Amino acid sequence: MLSNSPVESFSFAGREIFLKRDDLLHPAFSGNKARKFAYFLDHEFAGMTKVIGYGSAQANSLYSLSALAKLKGWLCDFYVDHIANHVRTLPTGNYAAAIANGTRVIDLSSLIAANPSLHREPKWTCQDYIEQQVLPAEPNALFVPEGGRCQYAEYGVSQLATEIETWAMQQGMSELKVFLPAGTGTTALFLNQYFVRQQIDIQVLTCAVVGGDEYLAQQFYELNPNAAEHPQILNVGKKYHFGKLYPEFYAMWQRINASDVQFELLYDPLGFMVLEKFLPQWGASPVMYIHQGGLLGNETMLPRYQRKFGKSRTTL
């Protein structure tokens, strides 16, 4: 079972907000992906000996799936489209940590190149390859969709929602706004869905870090067709490309890291930029930001920023 993560006061943009520290959820299994994978941790899967997933070679889900497998005593296979040479040569971040946990990271492009019988058009995606070539031969394997984007994630995210609900009640708060940046939006969706269905006066707001607002809205609809239960999507009026380096992201990251709390470089900078834009519009409403972990990714992202912008950039 995952422990209740703490809530801390945090000074940002001239006012107090509250941080839900899911980065402190568990010593080896924390953050956003731990919430999504909590169902697999808490339930028995008779006969299962392996978990299989896919994504990028530096994905947070790679490390979290490897940690889950280690806690459950399972093997872990994780498929990626490719592994860059510098990652193979000098493993860092999520990739290195997953390897240390015993995970097999399988390069699909190399696998297909070595087996001419697998060549085809259109080319294999990791999901297609796993479903058609791997799972039929692996009856004792549990397949987890990319990033934990599935109905199973509702279990752990609902636990998070009950923690937030209990905390708000203990504080005597009303009209709490909960904000978090989103990739597929699974966590934001299931959080808001819980509050709406329980008729709790807590609103979830988010921003699209991957793929833009339309993509994020589409992800919501695929998991829940009822738009009344979807979180509100906010933006700063500019399109950003996922994983691209922006000076304003680096500057915001340095600002928020000036506290005793460390944040990651992919999602949090845009999250806090959106939060700063909308905070004045929310008046005195209390605001909670969910710290979703992912700090291992900084081992690869920070050197990229430092090479491009130098080690100090403190103004927006």
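**Exercise 1. Which residues have the most contacts inside the largest nonpolar core?**

Solution. Remember as you work that this is a predicted model.

Step 1: Start with the core itself, which has 34 residues. Those with the most contacts inside it are Phe10, Phe12, Ile17, Phe272 and Leu275.

Step 2: Now find the elements that give two or more residues to this core: β1 (7–12), β2 (15–21), β8 (202–208), α10 (247–256), α11 (268–278), β10 (287–291) and α12 (298–309). Of these, α11 gives the most, with 6 residues.

Step 3: Zoom in on Phe12. Leaving out residues up to four places away in sequence, Phe12 touches Ile17, Met252, Arg255, Ile256, Phe272, Leu275, Glu276 and Leu279.

Step 4: Link this to a general idea. In soluble globular proteins, nonpolar side chains tend to be buried together.

**Exercise 2. Work out how β1 and β2 are arranged.**

Solution. 

Step 1: The two strands, β1 and β2, pair in the antiparallel sense over 6 bridges.

Step 2: Check the turn. β1 and β2 form a hairpin with 2 residues between them, and Ala13 in that turn has a positive phi of about 55°.

**Exercise 3. Explain why the buried residues of α9 line one face of the helix.**

Solution. 

Step 1: Helix α9 (residues 212–223) has 12 residues and reaches 17 Å from its first C-alpha to its last, close to the expected 16 Å.

Step 2: List the buried residues of α9: Gly212, Leu216, Gln219, Phe220 and Leu223.

Step 3: Look down the axis of α9. Its buried residues fall within an arc of 125°, so they line one face.

Step 4: Recall the rule behind such patterns: an α-helix has 3.6 residues a turn, so residues three or four places apart point the same way.

Step 5: Finally, see what lies against the buried residues of α9: they pack against β7 (176–182), α8 (186–197), β8 and β9 (232–234).

Definitions and conventions. Residues numbered from 1 in each chain as written. Predicted model: local features only at pLDDT ≥ 70, side-chain atom pairs only at ≥ 80, totals over all residues. Heavy atoms only, no water. Core = buried A, V, L, I, M, F, W, Y, C linked by side-chain atoms within 4.5 Å. Buried < 20%, exposed > 50% of the residue type's maximum accessible area, 1.4 Å probe, protein only. Helix = DSSP H or I, 4+ residues; strand = E, 2+ residues; numbered from the N terminus. Contact = heavy atoms within 4.5 Å. Expected span 1.5 Å × (residues − 1). Arc of directions from axis to C-beta. Pairing = 2+ DSSP bridges.
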